[in-house]
Amino acid sequence: MSNILDNVFGLSSQALDVWQRRSEVIASNIANADTPNYQARDVDFRQVLQQASGGDAQTLALSAPTAGQIDAAAQSAEALKYRVPLQPSLDGNTVDAQVEQSAFASNMVHYQASLSFINSTIQQLRLAINGGGQG
């Protein structure tokens with residue numbers, strides 16, 4: 001069943017998981033904006049998606065909770081990178097609130113786009129199953 005869904009949705013369902021994980025990471029950065037020595041992190045979306053699609057077979061080490069599934073949370077945890085601060089702070093914190101808020105807003109747009117694509121695909125499947133409303 002998982003293979004069928006993967007064929008229908010492609011990487012969109014996995015992308016949705018990664019976008020959600022990235023929003024959690026960015027929210028954590030924002031929450032720790034005043035924590036001394038906190039290092040802002042971000043998900044390397046390109047790397048996670050490349051691994052999920054099998055684009056880099058030599059470094060592909062997938063975590064599968066059950067056969068045929070990819071654990072996007074584990075994949076994105078491996079792909080967490082430290083942000084390079086634009087302005088150094090005296091307390092060692094690398095969170096720039098404006099950068100994080102911008103990244104969060106951009107991430108939500110991507111998340112909504114992936115969700116809309118999945119919803120559209122489901123609507124198309126329903127239409128096909130119902131025979132286009134004929135009958």
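Asp 42 and Arg 83 pair up through their side chains in a salt bridge, 3.1 Å from N to O. That pair ties together distant parts of the chain: Asp 42 sits in strand β1 (residues 41–43), Arg 83 in the loop between β2 (80–82) and α5, and 41 residues separate them. Keep in mind that this is a predicted model. Here's a quick tour, starting with the overall layout and then working through the helix packing, the core, the charges and a few loop residues.

**Overall layout**

- The protein chain has five helices and two strands.
- Reading from the N terminus, the elements go α-α-β-α-α-β-α.
- The protein chain is 135 residues long, and 27% of them count as buried.
- Take the contacts in the protein chain between residues at least 6 apart in sequence: 72% of these join residues at least 24 apart.

**How α2 and α5 pack**

- The axes of α2 and α5 come within 9 Å and cross at roughly 160°.
- Angles over 145 degrees count as roughly antiparallel, so α2 is roughly antiparallel to α5.
- As for handedness, α2 and α5 make a left-handed crossing.
- On the α2 side, the residues that meet α5 include Ala 15, Leu 16, Trp 19, Arg 22, Ser 23 and Ile 26.
- On the α5 side, the residues that meet α2 include Glu 100, Ala 103, Phe 104, Asn 107, Tyr 111 and Ile 118.

**The nonpolar core**

- The largest nonpolar core has 12 residues in all: Phe 9, Ala 15, Leu 16, Val 18, Trp 19, Val 25, Val 43, Phe 45, Val 48, Leu 80, Tyr 111 and Ile 118.
- Two or more of these core residues come from each of α2 (12–31), α3 (45–53) and α5 (97–129).
- Which element gives the most to this core? That's α2, with five residues.
- In soluble globular proteins, nonpolar side chains tend to be buried together.
- Setting aside neighbours within four places in sequence, Leu 80 is in contact with Arg 21, Val 25, Arg 41, Asp 42 and Val 43.

**Charged pairs**

- Side chains of opposite charge can pair when their charged atoms come close.
- The count of salt bridges comes to four.
- Back to the opening pair: both Asp 42 and Arg 83 are buried.
- Arg 83 also forms a salt bridge with Glu 100, with the closest N and O atoms 2.8 Å apart. Here too the link is between distant parts of the chain, from the loop between β2 and α5 (Arg 83) to helix α5 (Glu 100), 17 residues apart.
- Arg 83 and Glu 100 are both buried.
- Through shared partners, salt bridges join Arg 22, Asp 42, Arg 83 and Glu 100 into one network.
- Glu 24 forms a salt bridge with Arg 21, where the closest N and O atoms are 3.8 Å apart. Both residues of this pair belong to helix α2, and they are three residues apart, about one turn of the helix.
- Is Glu 24 buried or partly exposed? Glu 24 has a relative accessible area of 41%, so it counts as partly exposed.

- Arg 22 is placed in helix α2.
- Its relative accessibility is 13%, so Arg 22 counts as buried.

**Two loop residues**

- Thr 94 belongs to the loop between β2 and α5.
- Thr 94 has a relative accessible area of 12%, so it is buried.
- Residues up to four places away in sequence aside, Thr 94 touches Tyr 38, Gln 39, Ala 40, Arg 83 and Pro 85.
- Asn 37 lies in the loop between α2 and β1. Relative accessibility is 55% for Asn 37, so it counts as exposed.
- Most residues other than glycine have a negative phi. Asn 37 is not a glycine, yet has a positive phi of about 65°.

Technical notes:
Residues numbered from 1 in each chain as written. Predicted model: local features only at pLDDT ≥ 70, side-chain atom pairs only at ≥ 80, totals over all residues. Heavy atoms only, no water. Core = buried A, V, L, I, M, F, W, Y, C linked by side-chain atoms within 4.5 Å. Buried < 20%, exposed > 50% of the residue type's maximum accessible area, 1.4 Å probe, protein only. Helix = DSSP H or I, 4+ residues; strand = E, 2+ residues; numbered from the N terminus. Contact = heavy atoms within 4.5 Å. Axes fitted to C-alpha atoms, helices over the stretch in contact; angles between N-to-C directions. Parallel < 35°, antiparallel > 145°, perpendicular 65-115°, else oblique. Left-handed = near helix turned anticlockwise from the far one by under 90°.
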